[in-house]
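Hi,

Here is the structure I promised you. Have a look at it first, and then read my notes below.

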Amino acid sequence: MTTLTQNQSDPFKFSEHYTGYPPFFTLQTSASARQAQLKRWSRLIQRYCRHYKIFQISIVDYQDKDLFRNAKLNKKLYPEDIRTVIDFMVSQDGQQRAEWVTSAKASAWIWWRRPEEWATSIAAWVDETGQKGSVLTLYEIVEGDASENQEFHGMDMEVLRKGLAVLAKQNRAQVFGTDDQQGVKFF
Amino acid sequence: MSSRRGVGLGAFTDRTSTASAYQTRGSELKQSRAASLLAQREVIQSLLHNFAVQHVDTIKANPQFRAEFARMCHAVGVDPLAGSNARGKKSEGGLRAKVFGADLKDFYCSVAVRVVELCQRTVAENGGLIGVKECCEAVTRGRAGLIGGGLQVSEDDIKAAVKSLEPLHSGFKIIIIAGKEFVRSIPKELNTDQSTVLEILQLLGNITISLLVLNLSWPKARAKTVIDDLQADSLVWVDKQCPEWEYWSPHGLLDED
């Protein structure tokens, strides 16, 4: 079980290819270089989002954040290129590490953990803490003291619902209740 | 000064015989010298063998120690890697194979495997050209998430490992660009123009078409062709966010994870 060790107030540490390599911000024309570059961007975005516990990014809001803009080099990844990177992350090649929220492609879920992976770690935690058969509120899972050192502590509610939906499909959990008062029973 | 040289015809025969006597003696001396040197060399080689057997762990673990050891081997005319290829053939290379046991051979094999892995992993972004230094750093660091981690290697080890791949005709070789050594993992040859540009790139870090035109007195089309070719092979990366497009060597890229 992974525990949360990094302090989220620490700024994200960008690696060298980002801080010292201007061509990183121009999508390359050679197919192989571009593929390698997309993979690097995908990894960077995942690491960044994981560090700050970001689950969804909107291109408009993020295009000028330090993730995509390097003020020191005065370079940025332009919105259409950000879209290309996320398209790659959505694809099989990009290991489905992102999902567009709507077909307008304005915002995307960034799956630094995919919903199935969240499902696995929540199920493991329920197992370990002997909460099988009991009912928990969604709020408890995310904000409760019991999950404090878990990676899913403080996670996005909608992502949690997606994760629980995976467990429900496998008949390992059942979600009930209405929007802000949802609970879940694990079996 | 009075001369003791004989006079008359007799002196000539005398001189010849003296000269030949000297020669015989000389070659005798030479022979015995050579024999004793040969014997000494054998002693040293056998000592080296004992040493290698005794210290194989240190040789494998410590790159500095290994480098010194390799230097010692070269001094007595033993190539550490020729030994590994000559294993089994008792007549030639028998001694070499003895000096360098299977252990050390395995070591260079595993270095070579990692170099090949690294080259394959990064070929898409660097076009199959990677600095020996960067290669050494990456192999030493190992791959994140892999148990076993890195191998303590020196640049000499990397070069030796690449050399050990030669019999496989793998196309891996060491090339030198502007005084810096690179592992070339793609057998494709670079033409003169491409090599020139790579050399300049190595010295300056990045280039533009007009810089090439200006400094090499090339027509623009020639400069552009070279850049286009290099770019197609991922040997340069382009930065379009500047007044004139800049082309960078991808060697700043190797790091992370």
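Over which residues of chain A does pLDDT stay under 50? That happens over residues 1–7 of chain A, for which the model has nine contacts beyond four places in sequence. Here pLDDT is the predictor's confidence in each residue, from 0 to 100, and two residues are in contact if their C-beta atoms, placed from the backbone, lie within 7 Å. Where pLDDT is low, the predicted coordinates should not be read in detail.

This is a predicted model, in which local features need pLDDT of at least 70 and side-chain atom pairs count only at 80 or more, while totals for chains, interfaces and linings use all residues. Residues are numbered from 1 along each chain as its sequence is written, with chains lettered from A and ligands numbered from 1 in the order in which they are written.

Chain A averages a pLDDT of 89, and 95% of its residues score at least 70.

Now to chain B. The axes of helix H9 (residues 192–204) and helix H11 (residues 220–232) of chain B come within 10 Å and cross at roughly 80°. H9(B) and H11(B) are therefore roughly perpendicular (65 to 115 degrees). Axes are lines fitted to C-alpha atoms, for helices over the stretch in contact, with angles from 0 to 180 degrees between N-to-C directions; helices are DSSP runs (H or I) of at least four residues, numbered from the N terminus. On the H9(B) side, B:Asp193, B:Gln194 and B:Val197 meet B:Arg222, B:Val226, B:Asp229 and B:Leu230 of H11(B).

Finally, the two chains touch: 17 residues from chain B and 19 from chain A take part.

Best wishes

Conventions. Helices (H or I, at least four residues) and strands (E, at least two) are DSSP runs, numbered from the N terminus. Angles under 35 degrees count as roughly parallel, over 145 as roughly antiparallel, 65 to 115 as roughly perpendicular and the rest as oblique.
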